[in-house]
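Please walk through this structure one region at a time. Keep the sequence and the 3D view side by side as you read.

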Amino acid sequence: MIVQDNIPFAIRHFAPAQLREALRKMHLIRLFEEGAEESYMRGLIHGTMHLSIGQEASAVATCMELTDADKITSTHRGHGHCIAKGADVGRMFAEFFGKETGYCHGRGGSMHIADVKTGNLGANGIVGGGLPIAVGAALTAKRLGRDDVTVCFFGDGANNEGAFHEALNMAAIWKLPVIFVCENNKYGMSTPATYATAVPNIADRAAAYSMPGVTVDGNDFSAVAEALHIAIARARAGEGPSLVENLTYRWRGHSKSDRNRYRTKDEIEDWMSRDPIARFRAELIAHGVLDAAGAEAVEAEAKQAVADGVEFAKASPAPGIADVTKFVHAEEAA
Amino acid sequence: MNAQTQITEVTPSGETREMSYAEAIRDAMAIALDRDPTVVLMGEDIGTYGGAFQVTLDLIDRYGPDRVMDTPISELGGAGVAVGAALTGLKPIFEFQFSDFAALAMEQIVNQAAKLRYMLGGEAAVPVVFRMPAGSGTGAAAQHSQSFEAWFGHVPGLKVVQPSTPEDAKGLLLAALADPDPVIVFEHKLLYKMKGQVPTGYYTTPIGKAAIRRTGSDVTIVASAIMVHRALEAAAKLAEEGIEVEVIDLRSVRPIDRDTIIASVKKTGKLLCVYEGVRTLGVGAEISALIAESEAFDYLDAPIQRLGGAEAPIPYNPDLERAAVPQKADIETVARRLAKGEV
Ligand SMILES: Cc1ncc(C[n+]2csc(CCOP(=O)(O)OP(=O)(O)O)c2C)c(N)n1
Ligand SMILES: [Mg+2]
């Protein structure tokens, strides 16, 4: 007999099917990004990419209670957010391969991946670009009397942009249903958060805007899910915004051109030993949500989705050159 | 190789060394840091990381964090700190990681830096340099590929340069630093690895002077940054057909070298402007207008032609991305038609 108090929030709060789906999405993010890396090496993807491997719990746990009506704004490191919010990896690969079937019809690539239909208003090439946009989305919900909320993902680096401060202030004075989720992975590119930010925790900034701010272990699925549960409830109840800081770590370099001169191998290895997926998977098994074979099956499903996605993307057509100015404005009536 | 296509200008000092465009910029910054204790470098990830394009590279090891300052990700504030420091005695070289992010700092560049001297009746100066990696061709899509030279060129109080060679990258940066007013230096990302002979030691390349990179009598092409190289390639091809193209490297958008352009158009009677920024209201519009207003107008044998960026953001798909800005083949086609009187 398990003592109720020792059961993590997520296990108590979500149905087994939801937890299984969460694990599938975490594997899917990891495998998708590994697939994207491989495709990049093979020349199927060009430009650059920002991988979130190591940060999967933050993306998936944050989006657990969101519906398609709820919105997110994402970042340059946005593949995980996109998958967590419900996107199809085939259309994501297609976008990365520059294909017409991609979510942005080949115009945006990795840095602008979006899926407006599932409420993902888009990754962003501009650090901090999504912060005021999220506040605007929350304003819409409030004005139109809807109960949907907006989750705004941003990094530790973004909290030093003016847009961050302006956005939090407006969200607070207008009591808007927005949750600011900082994925603090210790660095903005090469710059340590401890150097660039005047307060020890990004969540400390919340006090300046009269909103609750909490810092949680971002590699602990349940801790993130619980913090978001509280913040979302507050937002839906019309009580205003919150700031949640998920402490996590990216295993890969900042982008494809990072020499990793600013961090040690030891630090990277230490964080790799705190794999959020292995941890969540072990937790699900320990609490009897899944057995080992069930977990294997979940991972295999994700693997298959990635393989199918790559094939779909490869087989898809590229946009026509003549359409270079398509989508600049609304289509003109014929 | 035709001597006329030789890009390096022989300089009086004689001593040169082969350097990449990025190395030449770094060399200029090192010389500036050595020569003048008030020079500081500021920017995101310019220290240990060495800059997004590895331009500052090891300068942090050589000059330390007090002179090679990593800023937080705060473009508006960072640019403003550079403006305030310039106003009071430092000479900051502020690096935007991509020129696109200067959009976040427009307030400090356009409303403050550009106008302080004027608004204060000449009692103040803002000798700041903004370095901006610009241009498309890297697959980085709409928010990391823009060409803003016309934006900044529209602002009195700013000077705007676009070096196309390693030699000019160094000389124009040192000139920008020596200038008493704010200067924007657009560095083309696709040129960072380009090699060329660069004079050693201190020298400046005058701001406001275009360079004739190839002489010819049939058509004048005025181009800037990477477009200079595409124009030179097109010119070499057209020479095989007996069409002699004169290629002018604009180098400076503001001030613009009217005299060089006017003299060339009077000689050839035909003008093609090639630039990467969006075609409408771009640098080529200004060049066309200055010819239309000048004595060169009477010498024109054909309508002025412009090749510029598409009326669209830069797309991600590589084929679309190439189609969005002038390529060598486009330049060749239009210059040929101009030369043959087909436009
Ligand atoms: C306005 C702006 N400034 C700088 C950049 C370049 N850049 C892209 S991501 C990044 C670091 C962002 O750090 P953080 O917010 O912590 O997110 P992380 O990359 O760690 O996920 C920088 C400097 C940018 N894209 N936009
Ligand atoms: Mg970060």
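**Loops, a metal site and an interface**

Leu57(B) is partly exposed, with a relative accessible area of 25%. This is a predicted model. Find Leu57(B) in the loop between strand 2 (39–43) and helix 2 (59–63) of chain B. Its backbone deserves a look. Phi of Leu57(B) is near 40 degrees, which is a positive value in a residue other than glycine.

Chain B holds another such case. Leu281(B) is not a glycine, yet its phi is positive, at about 60 degrees. Leu281(B) sits in the loop between strand 13 (271–278) and helix 10 (283–292) of chain B. Is Leu281(B) buried or exposed? Leu281(B) is exposed, because its relative accessible area is 75% and the cut-off for exposed is over 50%.

One more loop of chain B is worth a stop. Pro255(B) lies between strand 12 (252–254) and helix 9 (258–268) of chain B. The peptide bond that runs from Arg254(B) to Pro255(B) is cis. Its omega is near -5 degrees.

Now move to chain A and its metal. Which residues coordinate the magnesium ion (ligand 2)? They are Asp156(A), Asn185(A) and Tyr187(A). Asp156(A) uses OD, Asn185(A) uses OD1, and Tyr187(A) uses O. The distances run from 2.0 to 2.1 Å. Along the sequence, these donor residues follow the spacing D-x28-N-x1-Y. Asn185(A) and Tyr187(A) are both buried.

Next, see where the two chains meet. On one side, 39 residues of chain A make contact with 34 residues of chain B. The size of an interface is often given as the accessible area lost when the parts come together. Here the area buried between chain A and chain B is about 3000 Å². Carbon and sulfur atoms give 59% of that area. Three residues stand out on chain A: His46(A), Met189(A) and Val324(A). They supply 20% of the area that chain A buries against chain B, more than any other three residues.

What about charges and polar groups? There is one salt bridge between chain A and chain B. In this salt bridge, the side chain of Arg261(A) meets that of Asp61(B), at 3.6 Å from N to O. Polar contacts between the chains come to 16 residue pairs. On the side of chain A that touches chain B, helix 5 (89–96) and helix 8 (193–196) are the elements that give two or more residues. By type, the residues of this side are 14 nonpolar, 19 polar and six charged.

Technical notes:
Residues are numbered from 1 along each chain as its sequence is written. Chains are lettered from A and ligands numbered from 1 in the order in which they are written. This is a predicted model: local features need pLDDT of at least 70, side-chain atom pairs count only at pLDDT 80 or more; totals for chains, interfaces and linings use all residues. Side-chain values use heavy atoms; hydrogens and water are left out. Donors are N, O and S atoms within 2.8 Å of the metal (3.2 Å for Na, K and Ca); water is not among the atoms, so sites may look incomplete. Buried means under 20% relative accessible area, exposed over 50%, partly exposed in between (1.4 Å probe, protein chains only). Contact means heavy atoms within 4.5 Å. Buried area is the accessible area (1.4 Å probe) that two parts lose on being put together, summed over both. A salt bridge is a side-chain nitrogen of Lys or Arg within 4 Å of a carboxyl oxygen of Asp or Glu. A polar contact is a pair of N or O atoms within 3.5 Å; within protein, one must be able to donate a hydrogen and the other to accept it, and residues adjacent in sequence count only if both atoms are side-chain atoms. Helices (H or I, at least four residues) and strands (E, at least two) are DSSP runs, numbered from the N terminus. Ala, Val, Leu, Ile, Met, Phe, Trp, Tyr, Cys and Pro count as nonpolar, Asp, Glu, Lys and Arg as charged, and the others, Gly among them, as polar.
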